[in-house]
Amino acid sequence: MAQIKMHLLVCGGTGCRASESKRLVDELNAQLKANNLDEEVKVIITGCFGFCEKGPIVKVIPDNTFYTKVKPEDAEEIVEEHVLKGRKVTRLLYENPETKEHVSDSKHMGFYQKQVRIALRNCGFIDPENIEEYIVRDGYAALGKVLSMTPAEAIDIVKKSGLRGRGGAGFPTGLKWEIASKNKADQKYVVCNADEGDPGAFMDRSILEGDPNSIVEAMAICGYCIGATKGLIYIRAEYPLAIKRLQVAIGQAREFGLLGPKILGSDFDFDIELRYGAGAFVCGEETALIHSMEGKRGEPTIKPPFPAEAGYLGKPSNVNNVETFANIPAIFLKGWEWFSSIGTEKSKGTKVFALAGKINNVGLIEVPMGTTLREVIFEIGGGIKGGKKFKAVQTGGPSGGCLTEQHLDTPIDYDNLVAAGSMMGSGGMIVMDEDDCMVSVAKFYLDFIVEESCGKCAPCRIGNKRMHETLEKICQGKGTMEDLDYLDNLSKVIKDTALCGLGQTSPNPVLSTMQYFRDEYLAHVVDKKCPAGRCKALRSYVINADKCMGCTLCAKNCPTSAITGDKKVPHVIDQSKCIKCGTCYEKCKFGAIEIR
Amino acid sequence: MELIKLTIDNTPVEVEKGTTIYQAAKKIGIKIPALCYMNLEHLGIENRPGGCRICVVEVAGRRNLAPSCSTSVMEGMVVKTNTPKVLNARKTVMELILSDHPKDCLICPSNGKCELQSLAATLGVREIHSVENAAMSTYRKDASPSLKRDMDKCIMCRRCETMCNEVQTVGALSAVNRGFMAVVAPAFEQDLVKSPCTFCGQCVAVCPTGALTEVDDTNKIIRALADPSKTVVVQTAPAVRAALGEEFGLEPGTRVTGKMAAALRRLGFAKVFDTDFAADLTIMEEGTELLDRISKFLKGDKSVKLPILTSCCPAWVNFFETNYPDMLDVPSSAKSPQQMFGAIAKTYFAGKMNVKREDLVVVSVMPCLAKKFECQRDEFKVNGNPDVDYSISTRELAHLIKMANIDFASLPEEDFDQPLGESTGAAVIFGTTGGVIEAAVRTAYEIFTGNKLNKIDFKELRGLEGIRTASIDFNGTMINIGIAHQLGNARKLLDGVRSGMYNFHAIEIMACPGGCVGGAGQPYHHGDSSIIEARHKALYKEDEEKTIRKSHENPYIIKLYEEFLGKPMSETAHHLLHTHYFDKHKV
């Protein structure tokens, strides 16, 4: 067997696959074979590298060269230049946006410098479909370690680590395990909540796609701790790649005796099954999730009883989110002292965020708790796209709130975000710039909530619909001051009375935007203007006579013939005919059309 | 028993651990308004989805408001049920519910009986913030022979779902759709007639709004009574007399048998008869069938089907036709009293009166909505003419009386007409769970043993527990009896028979909680099960006061057999008074 001299790691996450990374792999393999290099250079499909903005990513090991936006057509050059001749393909290297210098190693990139990767430790490093690669990186060593302890000792380590649930609510994980372990029953269940549903969030998907074995291992550890022999992963059916990789991981773990009866020669039996969800956001709520797994309507029930007392099929069940589980093996391998040294006083460890919106470096990041929003947005995220002005950042998904300039230096942790009127949530982070209308943003999130409410309790079922309608009214320029009072009261009542976490947090986008961007609401309601120019009904297009050359291009393209004027004479828009389609604005070559 | 101390509205209270705030408050006279919550304590039926959020209260130290119906008390808890925050939340949620509810209260079938309406009044909702083009959740309307569904009026309290699925185990109704369009409906929002619905109507009995109501047949009665070519006679079921008074403000359990007869006469019915007469007739037929099967069994005939199951309850008949199609030869073939009455009225009585079948209109007043379905079954028609033309509920009768300007309270007590109005105490107790089998035992005992009963009351067969069993000594032969009310209990009992857990000779089954006294056509109980209990007691009282208390001693029954039927199970009796069942298995 020839010695392997080089590895080409190619991102096989859903995002990069959509950009043809699969074909890129085929091309690389073909080129290697053509050059008789296929014995000594191996192409490995990994999970997500996180830097989705620059995907597909190819990383060359051992020299750590980090190629970005690699197309299948680039395969030939990479093989001929880099692999054969040892010359880096400069044009595929990351360019520092400030210095314009090419950066070869990812550890010198702003995007990666501030990151600390615990949950994502293996994503982008190993082939997720090969358990041996996981084992090489100390995989399943934590399980072996735990099996030599008593469950109480192991739970104590989780408690001392200070790990809190990464699904959003931040309940202490060790305490949750302890409660489940103390409830006596003939059968208990470990449930992994992989029903990631926030718009734009893909933390859990990336972990499952990039490092499925870490979840399998953590669930087995949890099973040992609470006394469960069965694990269930509730995963949305829209995650086919994650499902496939989990199936592969579970199958391989069984073959290796890491799942099934008498794991690692102990008396501990544990196995895992997958349960598919149809993609309802509310099924991320643990009681709704359990009902859905039982084949019932996916809607929450009042707690108590908590799942730890009566969960799946009425048996004690411990439900944890994917990211929470991903931290578990690392805690046992490196010790709770190490884990709890990272983060803030009440929020330990790291948090994975899906950075999205008007930001230069869209992608998946993992930072220590306590990192400020400014560091995340401007250092890791590379600032706002197009040099525009930062306006707000929405954290916590649809149930979170919008934070502003004044919060940029707030260290991110569970409690600070709640105090600021938002929440950690599962880790969605959407950045907005000066072009975003905050009333429309609130409306967007309400639209999502209205779609995803299960309809069980009246405040969420009807209240959110009415809030959405009121926001629509305001965006149409028909809002009144009474409507603002109505929104305010409704938001507070829904928060106070809704049955589950979805409803109780659903008014957050409205409350936070009303608090931090009240003048923008007033502009819509009183002045009938949308300062960001996003609300179509409140927009008017006018022609600046000083700039108009009378070229007639706008008039020719206007679908309603609202624009009139003679050649070489400034044109005029008849506001009564204008349907605000924006065609004239796009067509004008002289910047003479203005939005007011 | 662990006791918990807390204060509610500054009043200290001590309750058992596990009690909810709502119950604890009730104990000290604080009635927290609630909408979806319903607790039929005497019958072990509870609906507690925690969905309406009307019953919220403030609990010191808690971030949000607590639903009192489903929050257990804790030591030292400080609860406030009427702070400005609570009142505002309650009223705002009510406004939201009303914002998605039709405002046609004046012409709604539930006008004046609607819990949503009265709660809106209590909470003092005076206006609903209007949002331009505010959406309303609207749905296709659906009508079956018994029930109507107008789900625009559904408030998602889920009471109907609890009754249909948990109590009755029928499984016709469940929540469908999501969010704003969520509603309770048969699977795929199909029509009720295509679902496994038994028309027991318990969904209607608990619906707090006008979403689920009975099919209103009162106008058909008014037209028939006004038609000079028709002779219109009426029969009234036993449970009606114990509940009708409630519609006129009388205490639950007040018996209004005489006033009811007087009212019916004033409405213009040519003859005011009693379904109780047909109940006695049912005992003659069903009792004979029971004795016949038992005798054969005791002689060693292994082919005989035991236990015999009663067949008076039309919802139960629909239930076993749908769920136990393999057991269609097990229930008694005797028709229900309503249908026996119709068959006798349109033959024996029509002959006596010299009225043509098609000119005789038989109306029944029933505590039941499934009876509307039953009287429309094809096997109960002769050349398309039904034995019972129209079946109306207790509520519909009350409405007719009010429409006809009759002052119920000042009516005299009158008797039923003869020959189909005479009845025994045994027939009266048909209206409550355990009554049919007790009536059957009274007659079967005397016929089987040839001895007179020393003690007419069989208290071991009475009560409101969902499943009851008893063994009756028939002079050395022990007859094992099972009783179930609510279809879920019937299912348990039947499954127990199938598995060999039970060994019964006879089983009585009634679909509704408490039997017919808790029927879906009765005045609304609004979640107060003591009303059903009061009616239940009233019927035993009526039985006690009757001079004749055994069906086979009813002189008009004896006369009917002498003049017309011959003997029980005779060919004429078989033709007129017995039926057969159909496989209606769905899905």
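Two strands pair if DSSP finds at least two bridges between them, where strands (E, at least two residues) and helices (H or I, at least four) are DSSP runs numbered from the N terminus. Good morning, colleagues. The model I present is predicted, so that local features need pLDDT of at least 70 and side-chain atom pairs count only at pLDDT 80 or more, while totals for chains, interfaces and linings use all residues. Residues are numbered from 1 along each chain as its sequence is written, with chains lettered from A and ligands numbered from 1 in the order in which they are written.

I begin with strand S15 of chain A, residues 428–433. Strand S11 (residues 350–357) of chain A runs parallel to S15(A), joined by 4 bridges; here A:Ala354 has A:Gly428 as its bridge partner. Strand S13 (residues 390–395) of chain A is antiparallel to S15(A), with 5 bridges, and A:Thr395 stands opposite A:Met429. Of the 6 residues in S15(A), 5 are buried (20 or more other C-beta atoms within 10 Å of their own, C-beta atoms being placed from the backbone; exposed means 12 or fewer, partly exposed in between).

I turn to the nonpolar cores, meaning sets of buried Ala, Val, Leu, Ile, Met, Phe, Trp, Tyr and Cys residues joined through C-beta atoms within 7 Å. The largest holds 355 residues, and A:Met219, A:Ile221 and B:Trp316 touch the most other members. Helix H10 (residues 212–226) of chain A gives the most to this core, with 10 residues. Apart from this core lies another, of 13 residues, including A:Ile543 and A:Ala555.

Finally, the chains meet: 30 residues of chain B are in contact with 29 of chain A (C-beta atoms, placed from the backbone, within 7 Å).

Technical notes. Contact = placed C-beta atoms within 7 Å.
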